[in-house]
Amino acid sequence: MSLRGSLSVSILAAFFSVQAANAQETQPAMPTKSRIDKKSGLTFVRVPKGSYRELPSLPAKPDEEHDHAVTVGPMWMGMTDVTVSAYAKCAEAQACSASPSARDEAKPRCAWKNGLLTHPMNCVSWAEAAQFCKWIKGRLPTAAEWEYAATSGQFGKPYPWGDAPPDGSHANYCDVNCPKALGEDGKNLARWEKEGWIDRDQNDGWAATSPAGSYPAGATPWGLLDMAGNVWQWTSSPAGDGKHEVRGGSWDNPAKALQTSKRLAWADRPDAGMGFRCVKD
Ligand SMILES: [Ca+2]
């Protein structure tokens with residue numbers, strides 16, 4: 001083989017090994033165990049039993065001790081957020097409201113109003129989310145269960161997929177497209193720009209929500225998708241003043257909101273950045 005031929009072979013071999021490595025990194029881990037909920041059509045994956053650090057209260061209470069371990073799981077958790085399509089089945093069965101709240105949200109950002117069937121069911125109140133989970137004989141996860149699942153039981157793991165900072169392949173967050181969807185919030189754009197809220201180096205093609213499960217590179221080892229970005233997820237954990245804890249960050253948040261440890265207290269009102277997933281025992 002000529003030197004040139006041998007070089008080409010080595011370059012090709014190197015190229016394919018890089019491709020193989022990339023493919024390995026970007027392929028979602030197949031859920032070890034999964035099952036489909038017949039009523040909603042949603043897929044649930046097995047979250048194994050384990051122990052996790054107890055989370056402090058939200059808002060934090062002074063002198064509170066929270067350094068012991070709690071047992072979490074086993075349970076089944078929605079592989080993705082609840083979709084518009086799944087919610088529509090609940091509404092058809094008259095078990096969920098056929099006109100979910102969303103009163104304070106602009107139309108282009110609420111997936112239900114736009115018939116975006118594969119997108120997460122956003123613009124729902126906590127009570128509406130809890131009602132859906134009840135319909136499928138499930139419930140909203142506690143904040144500790146959510147974080148345990150998002151970190152695959154590894155306390156302190158920064159993102160559901162691991163340590164790499166987010167990019168447009170991992171999750172739907174506020175990239176170059178998101179100002180298009182913010183519409184009437186334009187007055188805030190200059191401030192958000194200044195605070196580094198908008199990642200103009202990324203473009204995932206979605207201005208607001210994206211179809212559930214569109215980011216396989218962001219999968220957890222247990223096979224959960226969209227545990228960061230797209231929509232915040234309601235948990236069952238109270239957060240004072242009638243609020244509940246939400247997790248995961250959303251399409252209109254900066255990358256830093258996608259951290260597994262990020263916690264927010266949210267009043268029971270719908271928002272285009274707020275969705276949910278259910279768990280079953
Ligand atoms: Ca986006």
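Helices (H or I, at least four residues) and strands (E, at least two) are DSSP runs, numbered from the N terminus. The structure is a predicted model, in which local features need pLDDT of at least 70 and side-chain atom pairs count only at pLDDT 80 or more, while totals for chains, interfaces and linings use all residues. Residues are numbered from 1 along each chain as its sequence is written.

The protein chain contains six helices and 10 strands. Of its 281 residues, 42% count as buried, a term that requires 20 or more other C-beta atoms within 10 Å of a residue's own; a residue with 12 or fewer is exposed, one in between is partly exposed, and C-beta atoms are placed from the backbone.

Helix α2 (residues 84-92) includes Y87. With 27 other C-beta atoms within 10 Å, Y87 is buried. Apart from neighbours within four places in sequence, Y87 is in contact (C-beta atoms, placed from the backbone, within 7 Å) with V82, C96, W112, M121 and F132.

Most residues other than glycine have a negative phi, and most peptide bonds are trans. Q94 is found between α2 and α3 (126-135), and D241 between β6 (232-238) and β7 (244-247). Q94 is exposed because it has 8 C-beta neighbours inside 10 Å; D241 is likewise exposed, with 8 other C-beta atoms within 10 Å.

The peptide bond from L58 to P59 is cis, with omega near -5 degrees, and P59 lies in the loop between β3 (50-53) and β4 (69-72). A cis peptide bond also joins G73 and P74, with omega about 0 degrees; P74 is placed in the loop between β4 and β5 (75-78).

Technical notes:
Contact = placed C-beta atoms within 7 Å.
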